[in-house]
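Here is a short briefing on how two parts of one chain meet. Please have the model open as you read.

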Amino acid sequence: MAHFMGFGGYAPERVITNDYWAELVDTSDEWITQRTGIKRRRMAADDESTMTMSVAAAESALKDSGLVADDIDEIILATDTPEMMTPDTSALVQHQLGCRAIPTYDLGGSGCAGFVQAVDVARSRIAVAPKNVLVIGVELISRMISPTDRNTAPLFGDAAGAVVMGPEPGRAEVLDVVSGTDGGSAEILTLAAGGTRNPFNEKTLLNGDYNRLIMDGRKVFVEAVRRMSEASAEVLQRIGKSVSDVALVIPHQANLRIIDAVRKKMGLDEDKVYVNVDEYGNTGSATVPLAMWEAVDNGTIEKGDLVVLTAFGAGFHWAAAAVQF
Ligand code: UT7
C-alpha cells in the first residue's frame with residue numbers, strides 16, 4: 001500500500017508573458033493562446049537551479065506531510081533538466097535537505113511522464129519494504145531550449161512539484177499505476193547534444209545543438225492524446241472503476257488542445273479535468289505534481305475523490321495513476 005502523505009510545489013517568481021516571446025521570435029500572443037492555451041510561464045532567476053527548485057518543492061511537501069527531512073528514507077527525482085551530468089540532482093537534494101545518508105535516484109530523460117513513473121517506482125519500493133519516499137518532478141527548461149526557436153521556446157516553463165509517499169494511510173492512496181514506453185519514437189522529441197552520441201564540443205556549441213530541442217509537434221500531439229486517454233482507461237479498468245466514478249483527471253499540461261482532446265476521448269465534462277497550462281506552460285515532469293498540489297490547496301480535490309494522474313513525454317513514455325483521496 002502506498003499513500004500520498006503531503007503535497008508541495010514551487011514556481012519561480014518571474015512571470016514571462018506571451019508578449020515577451022513575441023518580441024524575441026516571430027510569434028504572437030494570439031498564436032500561442034490559440035494553439036496552446038498558454039498565457040504565461042515562469043522563468044528561474046539566475047541564482048536558482050534545478051536543485052534549489054527541487055528543495056523548495058520538497059520542503060513544502062514535507063511541511064504539508066508533517067514529516068521532517070530525517071523521516072525520509074529514499075528520494076526519487078524525475079527531470080530532463082538536471083543540475084549537472086553527474087552526480088544526479090537527487091544526491092544534491094539529499095544533502096541540501098539535510099536527509100540521512102539514504103539512497104536517492106534520478107529518473108532522467110523520461111520527459112514529461114517522469115513524475116508519474118517515479119510514483120510507480122516509489123510504490124514498488126514501499127511494497128518491498130515500508131518506507132517514506134520523497135518523489136520530485138522538476139524542470140528548469142528555460143536554460144536548455146533555444147530562445148530563438150519559436151517552435152519550442154514559448155511552450156515551456158520552469159517549476160517543481162513534490163509528494164511525500166509512505167506505507168501508512170495518509171491523504172490519498174495510490175491504487176494502481178499503468179505505464180509504458182515506445183522507444184521507437186525517440187527521434188520525434190529529443191535533445192541529443194550533451195550525451196555520448198553527440199557530446200559537447202566546439203561543433204555542438206557553434207551549431208547551437210546543445211539547446212536544440214527537436215520536436216515534431218503534430219506527431220507528439222497525436223500520440224500524447226492516445227496514450228494518456230488509453231492509460232487512464234486501463235488504470236480505471238484495473239481498479240474496477242469507470243469514468244463516471246472519477247472526480248478529477250490531472251493530465252500533463254503541455255497544450256490545452258491536447259488536454260481537451262483527452263477529455264473528449266474519455267467522455268469527461270470540462271469541470272472534471274484540471275487545467276493550469278495557461279499559467280505555467282509546459283513544465284515537463286513538474287506539471288502533474290504542481291497541478292495536484294494546487295488542486296489540493298485550492299480545494300478542487302476533496303476527501304473521497306477518485307483522481308487520475310496521467311502524463312506523456314519524450315521516449316515516448318507515458319503513465320496513468322489512480323489515486324483515492
Ligand atoms: O510535453 C510533451 C512534449 N510536447 C508536447 O506535448 C507538444 C505537442 N504538440 C503541440 O503542442 C503542438 O503541436 C504545437 C503547439 C507544438 C504546434 O501546434 P500545431 O497546431 O500542431 O502547429 P503545427 O505544428 O501544425 O505548425 C503550424 C505552423 C508551422 O508553420 P508552417 O510550417 O505551417 O508554415 C509552424 O512553423 O505554425 C508555425 N509555428 C509558429 N507560428 C507562430 C510553430 N510555432 C510557432 C509560434 N508562433 N510560436
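Contact here means heavy atoms within 4.5 Å. By that rule, 51 residues of domain 1 are in contact with 45 residues of domain 2. This is a predicted model, where local features need pLDDT of at least 70 and side-chain atom pairs count only at pLDDT 80 or more, while totals for chains, interfaces and linings use all residues. Residues are numbered from 1 along each chain as its sequence is written, and side-chain values use heavy atoms, with hydrogens and water left out.

**Layout**
- Domain 1 covers 2-171 and domain 2 covers 175-324, with bounds from an automatic or database domain assignment.
- The domain centres, taken over C-alpha atoms, lie 14 Å apart.

**Buried area**
- About 3500 Å² is buried between domain 1 and domain 2, and 63% of it is on carbon and sulfur atoms; buried area is the accessible area (1.4 Å probe) that two parts lose on being put together, summed over both.
- On the domain 1 side, Arg40, Cys112 and Val116 lose the most area to domain 2, together 17% of what that side buries.

**Charged pairs**
- The interface holds 2 salt bridges, each a side-chain nitrogen of Lys or Arg within 4 Å of a carboxyl oxygen of Asp or Glu.
- Arginine 123 and aspartate 176 pair through their side chains in a salt bridge, at 3.6 Å from N to O.

**Elements on the domain 1 side**
- Elements giving two or more residues to the side that touches domain 2 include helix H2 (29-36), helix H5 (114-128) and strand S7 (159-166); helices (H or I, at least four residues) and strands (E, at least two) are DSSP runs, numbered from the N terminus.
- H5 provides the largest share of that side, 6 residues.
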